[in-house]
Number of protein chains: 2
Amino acid sequence: MNEMTFQLGTDGTKCLYEQIYEHVKKEIKAGKLLSGEKLPSTRFLAEYLQVARSTVDYAYGQLLSEGYIEARPCKGYFVCPTEELLQLDGIDQTEESLFGSCIEGKTGGRALGQTEERSWGIAREACSSFETDTELHGKGGFLVDFSPYEIDMSGFPFSVWKKITKNILTFANSELFARGEAQGDQGLRCTIARYLHSSRGVNCRPDQIIVGAGNDYLLMLLEKVLGRHVRIAMENPTYKRSYQIFRSFAYQITTVDMDESGMRSDKLEQAEVSTAYVMPSHQFPTGTVMPIGRRMELLKWAAGGADRYLIEDDYDSEFRFHGKPIPALQASDRHGKVIYIGTFSKAIAPAIRISFMVLPDSLLEKYLRKCAFYSCTVSRIDQSILNEFIRDGYFERHLNKMRKLYRAKHELLLECLQPLRDRFVISGENAGLHLLLNSRCGAAERELVQAAAFRQVRVYGLSESMVEDASHSTAVLLGFGGLSEEKIREGAELLRKVW
Amino acid sequence: MNEMTFQLGTDGTKCLYEQIYEHVKKEIKAGKLLSGEKLPSTRFLAEYLQVARSTVDYAYGQLLSEGYIEARPCKGYFVCPTEELLQLDGIDQTEESLFGSCIEGKTGGRALGQTEERSWGIAREACSSFETDTELHGKGGFLVDFSPYEIDMSGFPFSVWKKITKNILTFANSELFARGEAQGDQGLRCTIARYLHSSRGVNCRPDQIIVGAGNDYLLMLLEKVLGRHVRIAMENPTYKRSYQIFRSFAYQITTVDMDESGMRSDKLEQAEVSTAYVMPSHQFPTGTVMPIGRRMELLKWAAGGADRYLIEDDYDSEFRFHGKPIPALQASDRHGKVIYIGTFSKAIAPAIRISFMVLPDSLLEKYLRKCAFYSCTVSRIDQSILNEFIRDGYFERHLNKMRKLYRAKHELLLECLQPLRDRFVISGENAGLHLLLNSRCGAAERELVQAAAFRQVRVYGLSESMVEDASHSTAVLLGFGGLSEEKIREGAELLRKVW
């Protein structure tokens, strides 16, 4: 591996392990280290660079946790295929010229690198002790709770978040405590625009983005933009929270049949609605990924009427486990028909109450006219923290690390459920934080849930996500995001016994 | 002053100046030091306590800035009348038994005391440099902007806020990053309930409180609770933002005439509305304080129908300058008819996106049934910071300090406008951050605004707050919250020349 002949810097801005980590990552991203290529052993590299072996170990460990390299027992470290890795190339400051107006507002985030090693150590400790607490006792009396709504908080980049917060507060002036822009701060909107373009193919200007405290709030705001009397199409089953929210509006909700490609466009045409709510990247709860053909049909439907729009809820697109990431539906939209909604609550932490909505120009104009007086619901401090977290590469690292972690859990759960395959059709195998099990012999959902509960295992009936015709469900959801590998094994074992 | 014979503690939890400050404050609050009583000189007290004179100076300075004592030139320090001071007696931890269930969640806030002295120094510096920046250049090309919407950010307790944030992040675990309760965290709601009871006479249980990211959001949520087809009464003029928000709903808005006591109850009765929006403590923009008789009439009107409610927007009740604080309308409500809304954006900082709404039981039941699925819009970190800020006494200190600061500006502006009294009726003299000037000779508002603008002074036409019949306005608003004393003098001087 002759590319490893790099110089360790001595200017003190980055610690040694960080330099090694960055170098190897760069080489992999640039294709100079190819998939399957063997890396030098940690001992060899340590001697070559004249650093402690633990330093190289730490750098390799970080690359391992983010999925750049893999360890093969007794053989060493090898480069992983990179097409599945998230690479937010347009985001770091080297390409800031892309959005000339957005350069201001950068504080000294790089200084963080110096103390990260210690910070990460602390973070893992702090989180795992919390995890033990709640996992030991289970939730609501259950031994194992396969909740599809939980995420793995042990992966939260605690210390980095704290460091950025402290950093921002140290350099903060009163401006940060004054009222900000209604749509969210320009700096954060620029960063989100770049992130969306780079990771999801979304095409938008920062001024099309509205930052808000959670999806619920953004949908409330969207109600004011779209008007009160919207006829909206939803799939059945669908994401129940969105259904509840639309129902709390004056919206007339029509359910439209799905097939294996998602919402049927012929049925949508017949439904006489103006708006359709879809999750093309990973439908909740079925896990369906909408193929490009169906996407085109939906976009064509939307283009067929001036007041027609598609609401794309891209709630967990970050967690796709097989194949290249699929771009957002918005990426294929040529007629300004897609309202794109995303959140950081799932990818970072539920308490990070920051979501965003990308409005097409026709609706942006309405927003500016009718709703621009609504103050932004996210504090400027929080916006600044998130901005730095994404811009300085921590979000990319975090996502790659979490994807690897969730993929392992996902594969483990699939493996543990293998013996149940003769009795259940298992779907949702490519993405997301849950699987869907549909009984082959028509066992009622209620019985499946009750049988599991008898063994103190909580599974979630598909009917909970159904808007109508819920009584005949024979399927259950098994989420794994918030469970440890031990709990997944334990839960699956119990389910095998009882089903 | 024999009460001053207290012992300085040596356990190191509080620095010396803090102990002196706390002791004198306690004596004043307890009535042991009476209004008008002379305090020992700083030299005498320093010698007596065997501490540096600067320590006593600092303690007296703090008491001075919070309005507990006053300095009379060549005479010394004297105790101020205390009935005008905010005293949040029910809030500190000694009375936590009042709300038995709320004791949890307390972190080691007291440790802050140790470094406050230094922190405050830094805070003042950081803020004043910002103030210079924007004040020098004015806003939108104006030399002086009498905006009624700005507050004095130089008084923001910067370092205390930073310290609490750092403290909370240091002790934070993943739980703080997990999803919180929909209504806001129990700890904060308990603290708000105590604060409201102590400072505003509001009677409520913590479970009646809903915490949200700003008043705009809370009104949106209230729309979901009250239902879509509300007929609402507003005063004219009124707070325009609330009007815009109600108009963006499907609300039918009726304006109801005001007299010198506020909204007329006879006209309200005739208006055939179900809800009335009022600001009884300090009507915006007229500054009217609603007397108890009118309050009783409004409450009686509300009690006359099952679906009748009063929305009390208590937006700046903290800043009353003369006489005892007037309790909230909610304090007199015996039939569960008042929806009380308050915010921390005005009293602390606009970027602190935390407001709260107190629902009467009948609406709480509706909220729980129809809206409890809406996630809380405020991050748990921010909730924890605010909770500690209030609970550990910083909010009380901050409010007393700001009140003193605003009162000085208020009196200065009144004094500077004295020569204009023959041409204008000046109202709003008891509270709030603006005055209302009504032309005696019927000069049109537009001309007054333009004449001021000619001298690069921005004043705000009353018509901006008017919902109808705005064309005949002869009044302008002069806000002073965000202006320095120099700017107030300069602006008033220019107005005297031009009007």
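In this predicted model, the buried residues of helix α11 of chain A are covered by elements that include β4 (209-212), α7 (215-226), β10 (309-313) and β11 (338-343) of chain A. The helix spans residues 361-370, and A:L363, A:L364 and A:Y367 are buried in it. Viewed down the axis of α11(A), the buried residues fall within an arc of 105°, so they line one face of the helix. An α-helix has 3.6 residues a turn, so residues three or four places apart point the same way.

The largest nonpolar core comprises 148 residues. Within this core, the residues with the most contacts are A:F177, A:W499, B:F177 and B:W499. When neighbours within four places in sequence are left aside, B:W499 is in contact with B:L420, B:R423, B:F424, B:L437, B:L448, B:A451, B:A452, B:V459, B:V476 and B:L478. Another core, of 80 residues, lies apart from the largest one; among its members are A:L219, A:M466, B:V225 and B:M234.

Between them, chain A and chain B bury about 4,400 Å², and 63% of this area is on carbon and sulfur atoms. Of the area that chain A buries against chain B, 16% is supplied by A:F177, A:M220 and A:F373, more than by any other three residues. The contact involves 47 residues from chain A and 47 residues from chain B.

B:K224 forms a salt bridge with A:E223, in which the closest N and O atoms are 2.7 Å apart. On the side of chain A that touches chain B, two or more residues are given by each of α4 (116-137), α5 (158-171), α7, α8 (240-248) and α12 (380-391) of chain A. The largest share of that side, 7 residues, comes from α5(A).

In chain B, B:S281 is located in the loop between β9 (275-278) and α10 (292-303). The relative accessible area of B:S281 is 9%, and the residue is therefore buried, the cut-off being under 20%. The side chains of B:S281 and B:D314 are joined by a polar contact of 3.0 Å. Not counting residues up to four places away in sequence, B:S281 touches B:R200, B:T288, B:V289, B:R295, B:E312, B:D314, B:S317 and B:P327.

Definitions and conventions. Residues numbered from 1 in each chain as written. Chains lettered and ligands numbered in written order. Predicted model: local features only at pLDDT ≥ 70, side-chain atom pairs only at ≥ 80, totals over all residues. Heavy atoms only, no water. Buried < 20%, exposed > 50% of the residue type's maximum accessible area, 1.4 Å probe, protein only. Helix = DSSP H or I, 4+ residues; strand = E, 2+ residues; numbered from the N terminus. Arc of directions from axis to C-beta. Contact = heavy atoms within 4.5 Å. Core = buried A, V, L, I, M, F, W, Y, C linked by side-chain atoms within 4.5 Å. Buried area = accessible area lost by both parts, 1.4 Å probe. Salt bridge = Lys/Arg side-chain N within 4 Å of Asp/Glu carboxyl O. Polar contact = N/O pair within 3.5 Å; in protein donor to acceptor, adjacent residues only side chain to side chain.
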